[in-house]
Amino acid sequence: NCLGDLERFDEALVLFREIYARHLALLGVSEYTISSGANLTATLLRMELCGEAKTLLRGQLLPVAQQSLGADHRVTLGTTETLASALHNNPAHTRDDLLEAETMAQDTVQRGRRVLGPAHPRTLIAEETLSIVRAKLAARMHP
């Protein structure tokens with residue numbers, strides 16, 4: 001995403017919202033629609049709009065991905081990892097948010113290793129997320 005690479009997030013957000021809305025209207029539930037929603041949430045997270053990203057992921061993208069693509073599909077795995085990121089990156093996260101993010105990341109790591117392989121970028125990203133979440137949990141226990 002060129003605009004994101006140029007840190008023109010406001011412009012990128014407008015485009016990703018439009019792309020997601022058009023995919024939803026034209027294609028309904030599809031891998032492309034879920035992927036465009038994932039791009040939208042990634043931009044929301046880069047803009048630190050974690051609450052909106054979490055709502056979109058929880059309310060629409062993840063349930064649809066799990067139902068239509070299956071829990072082991074690469075897009076579903078990415079969507080799950082993105083929700084875990086939204087939970088732990090939210091400045092107002094709670095311990096329960098971190099525990100939920102840990103569970104999601106651990107599940108994504110296990111599925112990713114089994115389905116995609118241990119060296120796949122999606123698996124490696126999930127491992128990094130899991131490591132970050134565990135470090136945040138440890139810091140809460142031993143400030």
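This is a predicted model: local features need pLDDT of at least 70, side-chain atom pairs count only at pLDDT 80 or more; totals for chains, interfaces and linings use all residues.
**View 1. Leu26, Leu27 and Tyr32 make up a nonpolar patch on the surface.** Look for Tyr32 in helix H3. Is Tyr32 buried or exposed? With a relative accessible area of 60%, Tyr32 counts as exposed, because the exposed class takes in residues over 50%.

**View 2. Here is the largest pocket, with a volume of about 310 Å³.** A total of 14 residues line this pocket. Which of them are the closest to its centre? They are Ser35, Ala38, Asn39, Ala42 and Thr82. Two elements each give two or more residues to the lining: helix H3, spanning 31-46, and helix H5, spanning 74-89.

**View 3. Now meet the lining of the largest pocket, sorted by class and by element.** Sorted by class, the lining has 7 polar, 4 nonpolar and 3 charged residues. Which element gives the largest share of the lining? That is H3, with 6 residues.

**View 4. Leu83 is a buried residue in helix H5.** Its relative accessible area is 1%, so Leu83 falls in the buried class, which is under 20%. Tyr32 in View 1, by contrast, is exposed. Now find Cys50 as well: Leu83 and Cys50 are 33 residues apart along the chain.

How values were computed
Residues are numbered from 1 along each chain as its sequence is written. Side-chain values use heavy atoms; hydrogens and water are left out. On a 1 Å grid over the protein atoms alone, a cavity is a set of points where a 1.4 Å probe fits but cannot get out, and a pocket is an open set with protein on both sides within 12 Å along at least five of seven lines; lining residues have an atom within 4 Å of a point. Grid points are joined across faces, edges and corners, and a volume is the space filled by probe spheres set on the points. Helices (H or I, at least four residues) and strands (E, at least two) are DSSP runs, numbered from the N terminus. Ala, Val, Leu, Ile, Met, Phe, Trp, Tyr, Cys and Pro count as nonpolar, Asp, Glu, Lys and Arg as charged, and the others, Gly among them, as polar. Patches are made of residues with over 30% relative accessible area and no salt bridge: like charges are joined within 9 Å, nonpolar side chains (Val, Leu, Ile, Met, Phe, Trp, Tyr) within 5 Å. Accessible areas come from the Shrake-Rupley method with a 1.4 Å probe; for residues, only the protein chains shown count as cover. A salt bridge is a side-chain nitrogen of Lys or Arg within 4 Å of a carboxyl oxygen of Asp or Glu. Buried means under 20% relative accessible area, exposed over 50%, partly exposed in between (1.4 Å probe, protein chains only).
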